[in-house]
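Colleague: I would like to learn how to read a model of protein with DNA. Please take me through it one feature at a time.

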Protein chains: 2
Amino acid sequence: MVSTSALAETAAALGEPARVAMLGALMDGRALTAGELAAVAGVAPTTASGHLSRLLEAGLLAVERQGRHRYHRLASPEVARVLEGLMALSAARPAPRRALRTGPRDAALREARTCYDHLAGRLAVGMADAMVARGQIQLSPDGGALTDAGADFLQGLGVPVPVARGRPFCRPCLDWSERRPHLAGALGAALCLRCLDLGWMRRVPASRALDVTPAGRLGLRQAFGLDRADQSSTISAAR
Amino acid sequence: MVSTSALAETAAALGEPARVAMLGALMDGRALTAGELAAVAGVAPTTASGHLSRLLEAGLLAVERQGRHRYHRLASPEVARVLEGLMALSAARPAPRRALRTGPRDAALREARTCYDHLAGRLAVGMADAMVARGQIQLSPDGGALTDAGADFLQGLGVPVPVARGRPFCRPCLDWSERRPHLAGALGAALCLRCLDLGWMRRVPASRALDVTPAGRLGLRQAFGLDRADQSSTISAAR
DNA sequence: GGGATGCTTCGGTGGCGCCCGTAGCATGGG
DNA sequence: CCCATGCTACGGGCGCCACCGAAGCATCCC
């Protein structure tokens, strides 16, 4: 059996916190330099260089030279999907010991973030829930579908509904913080892009977190009926 | 960030050939004893025991005691999905060195095998292709859908079409040997079960491979138009 | 050209973990 | 009751790898 050892090699490349931190920083689909990734992982540039070559060799990263910088990005959306899956698997484990403390940064991530090319977090799950409740989309572990009502709704929002060969372009993705599905796939990507274009949310630099603007709060309430039970992100779990 | 290190821990549990071999043996959804898994991985029982406790702690396996045996199985279908994803990612890498030699066992696996609860391999990809060509299903990277014609077709085969809340219960799954999608999800599982019930194929003991019976060859030709370009599995790639 | 910046290679240190044999605990059969 | 079987701790040997500092190469700015 040839494939098993190849799988182990790939998995081993993911079995190191520093490397996972780097990949996590690239989960928003952008490309970062080796120096930035070193800072993210909290290791010396020389160590980061080693990690990056290993990830490169494992086929998880792609690199592009620009002047004296080397920009690294995920090799493909499939890599992001596998990472999502591993995240869900890891989060599924019974809480390790006394619940780890949750920083403000975690709180922001739980509220709204990007998941490679689409939205995730409490906000995204709420949006998906609203669309399901209104019969605009259907979601199951095996797939998703956009109804006619849903197509009308998205057209009203100015979301360019992607045209796939067949019908399906709507994929569920298990949210690691909420443990419930949100909207992914081509449709999720288009919706995410539109929200950013509308100025409803902005990327937080050097993070996957998203900041919802006042206009976004208004728009989300009108379009999705989300009332944003706004828990201040200064909450920090005791213990 | 709490989740990154948890992900690394899970991935590290997968980063060892012996453990991957064990998980691979469980990919058909059955439960095996620690001794059997040790043989599969080619390590001493004592070593296997350590691996198994680590996989257990990582939440990748579930165990059930029966008398003096301990039966291990994958903790959930999600684990199988992540493994599939990693397999596809690993296979995507440019061929390592001079193409590794391919044994008869690999050939059988490439032809037909189970992928947790559904069919995979050249045969399964052919079945999916046939159904797509006839407009019975639609497949895209984001999802799949069963058409009315497809529902009729499956009913004729005696496949109990699973009834999900919404429509979708049809999921594509990237075949690691063919690098093209086959049919997974609830629908893929139902189809696989029916093929086994019909006696079209049989499980090969201690392997994920499937053996197509003469009745199966006939049935597959009639139902799917598959002509089974039967390459004898004794072929072994030169070099 | 001189110097700064970004990144990599090299060498050395320390630690984690894979592996096994031996020994010990539980279960089931004779 | 005793032995065989299945599996799990324990201890030691060994190799791989994460980490860093120093040095070297490439690129860009002044």
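**Reading the model**

Modeller: Chain A has 10 helices and 11 strands, where helices (H or I, at least four residues) and strands (E, at least two) are DSSP runs numbered from the N terminus. This is a predicted model, in which local features need pLDDT of at least 70, side-chain atom pairs count only at pLDDT 80 or more, and totals for chains, interfaces and linings use all residues. Residues are numbered from 1 along each chain as its sequence is written, chains are lettered from A and ligands numbered from 1 in the order in which they are written, and side-chain values use heavy atoms, with hydrogens and water left out.

Colleague: What percentage of the residues in chain A is buried?

Modeller: Buried means under 20% relative accessible area, exposed over 50%, and partly exposed in between (1.4 Å probe, protein chains only). In chain A, 49% of the 239 residues are buried.

Colleague: Which residues touch the most other members of the largest nonpolar core?

Modeller: In soluble globular proteins, nonpolar side chains tend to be buried together. A nonpolar core is a set of buried Ala, Val, Leu, Ile, Met, Phe, Trp, Tyr and Cys residues joined through side-chain atoms within 4.5 Å. Here the largest one has 65 residues, and those touching the most other members include Leu14(A), Leu60(A), Leu14(B) and Leu60(B). Contact means heavy atoms within 4.5 Å. Leaving aside neighbours within four places in sequence, the contacts of Leu60(A) include Leu14(A), Leu74(A) and, from the other chain, Leu89(B).

Colleague: How many residues surround DNA strand C, and which are the closest?

Modeller: A residue is near a strand if one of its heavy atoms lies within 4 Å of it. DNA strand C is surrounded by 20 residues, the closest being Gly35(A), Ser49(A), Thr46(B), Thr47(B) and His51(B).

Colleague: Which part of DNA strand C lies 3.2 Å from Arg68(A)?

Modeller: A polar contact is a pair of N or O atoms within 3.5 Å; within protein, one must be able to donate a hydrogen and the other to accept it, and residues adjacent in sequence count only if both atoms are side-chain atoms. A polar side-chain atom of Arg68(A) is 3.2 Å from a base oxygen of DNA strand C.

Colleague: Which element gives the largest share of the surface near DNA strand D?

Modeller: That is α4(A), with 4 residues. On DNA strand D, a phosphate oxygen is 2.8 Å from a polar backbone atom of Gly35(B).
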